[in-house]
Every structure is written in structure tokens, then in C-alpha cells.
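Here are some notes for a colleague who has not looked at this structure before. Please read them beside the model.

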Amino acid sequence: MTTYPLISARQLFDAQAAGTPMLILDCSFDLGDPDKGRSAFLEEHVAGAVHVNLNEDLSESEEWGASGGRHPLPRRESFASWVAQLGLSQDMLAVVYDRNRLNFAGRLWWMLRWVGHGNVVVLDGGLQVWKSLGGATEAGEARVHLPGNFELRPPLVRLVDANFVYEQLGSDVHTLIDARAPERYRGEIEPLDAVAGHIPGALNRPFTTNLQEDGRLKDPVLLRAEFELLLGPRLVGTEVIHYCGSGVSAVPNVLAMEVAGLPAASLYAGSWSDWSRREDYPKVRGAI
């Protein structure tokens, strides 16, 4: 069983007041300055939160990872053990947030479902909205949490790899959505990977399209309408596969589709950074 993926600041107030067992995880990060997320956490974070680092905690080396690309997923067994040591128990609500417009919190939300923890929510609007409504914050190191009893369970989300995506090219039953900025999707620029462009047939929906100005997700009805417009006839009878540059910013699109009440989508976690390295895999530029 999975929990509705979002929690508002006011709902989190109520859950704390009711004494709901929970673990709050701050995923703030900066791709250009990997130490900035932790520094920001030390300056201020939601009271009781622990910090999680994209590079150190939510990614693995290519040799040992469960996916390819610049941010390979750790193996399910090792990640499940790690979150238990962090303090997660089976009966706990996991609350994830960042100060980066859901980009990095989404990664942890998806990963916790990947190891079978359905009781996980994203704090809508992140730290900024929490503070604007008077939510308690603190500074300094995280409070000490005793290890929890979480154990690996069957995945609640679907992960696909490059071989699967390649085999589905041109298929009527799968549709790709690329979450990168339009200019990267079209191949006009490529600041990170060796080859510019996108996977043939992919549609483009930058992950920031899902957000309001204050960083909260758009209304579910509006999100649904936007995805229906993007997918058109592909909305019925096809499974959506999301990707981005390295499997991180694709997740807000996965999250948004669920909030919109649309069918569950898959994640190609290796994404463009994995696909673009494969010389025999097709790449295209321009828009569809």
C-alpha cells in the first residue's frame, strides 16, 4: 500500500502534533557545489530532520550501482540497510524535502518506494513553504536517531534500463518523456554529457513545468490536463517511461503524474548520461 505522495506544511504540522512516528529527511543539494547542500542544512533545516546527500547517499559507483549514468542507483539491499541505520522503521512516515523545487527530494521519494516503503511523502513546497507558514526550524548537526527496523520489501515502482528502452523504440505501448530543459532536449547545448540530443521518439516536459511559483506542485486537475495535452492519444494504452540527464530530475514528472491520478510510470534511471555513451544507440536532435 502506498501513501498519497504529497504532504502540505499544515498536514505535517498536524501529523507532528498527533505524534505520528516519522523520519524527516532533507535532500538539499547543488550539482555545481556538492558541499552546498550540507552547508545549507547546517545553517537551517526542518526541526528534527537529517541530511541526505545525493552523491554520497543516493548514488553509487558505476561498478557497484544498480543503474548506469552519472548518478547510478545503489543496490536495493544496501540502500534498505542504510535507511534502517538512518532511523527508518516499518511503521514510520518518511517525509522528504529539499530547497531545490522538488528536484532532489523526488529522488529519495522514488528510492524509498523502490525498496518497498510506501509510507513516504514529499513536503510540498519544501523548506521555503514550511518556513513561510511558521514551521519550526533549527541549525547545526542532525539530532541522533536510533536505528530503525526497516527491511527490504518488493518494489512499489518500476525501474527500466537502456536495453529495455532500446527494445521499445518505436513501440505503440511505451512513450518516453524527457525532463531536461528544452534546449538540452533539442541538442542545442549539452553542458554535461559528451553527446547532445535526445532518445528517438521522446517527448519533452521539463520537470519545472510541474511547479507553481512558490515551488509547490500545480493543482492535480491542471497537471492531468497538461499531461493529456502532451501525450494526446498515447495517454491510453501506453506506459510512460521518464528520463532526464542522470535519473534525478525525471522523478518530479513521475511524481506529478501520480498526483494527477494518471497510470504509474517507469523510470529509466541511467537516462541520457547512460544512453549517450552507447555508440550504437540512436540519438536525435531537434523537436518532434
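**Notes on salt bridges and a strand**

1. R70 has 29% relative accessibility and therefore counts as partly exposed (buried is under 20% relative accessible area, exposed over 50%, partly exposed in between, with a 1.4 Å probe and protein chains only). This is a predicted model, where local features need pLDDT of at least 70, side-chain atom pairs count only at pLDDT 80 or more, and totals for chains, interfaces and linings use all residues. Residues are numbered from 1 along each chain as its sequence is written, and side-chain values use heavy atoms, leaving out hydrogens and water.

2. R70 and D193 form a salt bridge through their side chains, at 3.1 Å from N to O (a side-chain nitrogen of Lys or Arg within 4 Å of a carboxyl oxygen of Asp or Glu). D193 is in the loop between α8 (182-185) and β10, and R70 in the loop between α3 (54-57) and α4 (76-86), so the pair ties together parts 123 residues apart in sequence. Helices (H or I, at least four residues) and strands (E, at least two) are DSSP runs, numbered from the N terminus. D193 is buried, at 10% relative accessibility.

3. A network of salt bridges links R70, D178, R180, R184, E190 and D193. Within it, E190 and R184 have their closest N and O atoms 2.9 Å apart.

4. D178 is also one of the residues of β9 that are buried. Five of the five residues of this strand (174-178) are buried, so β9 is largely enclosed by the rest of the structure.

5. Strand β9 runs parallel to β11 (residues 239-243), joined by five bridges. T175 has V240 as its bridge partner in β11.

Notes:
Two strands pair if DSSP finds at least two bridges between them.
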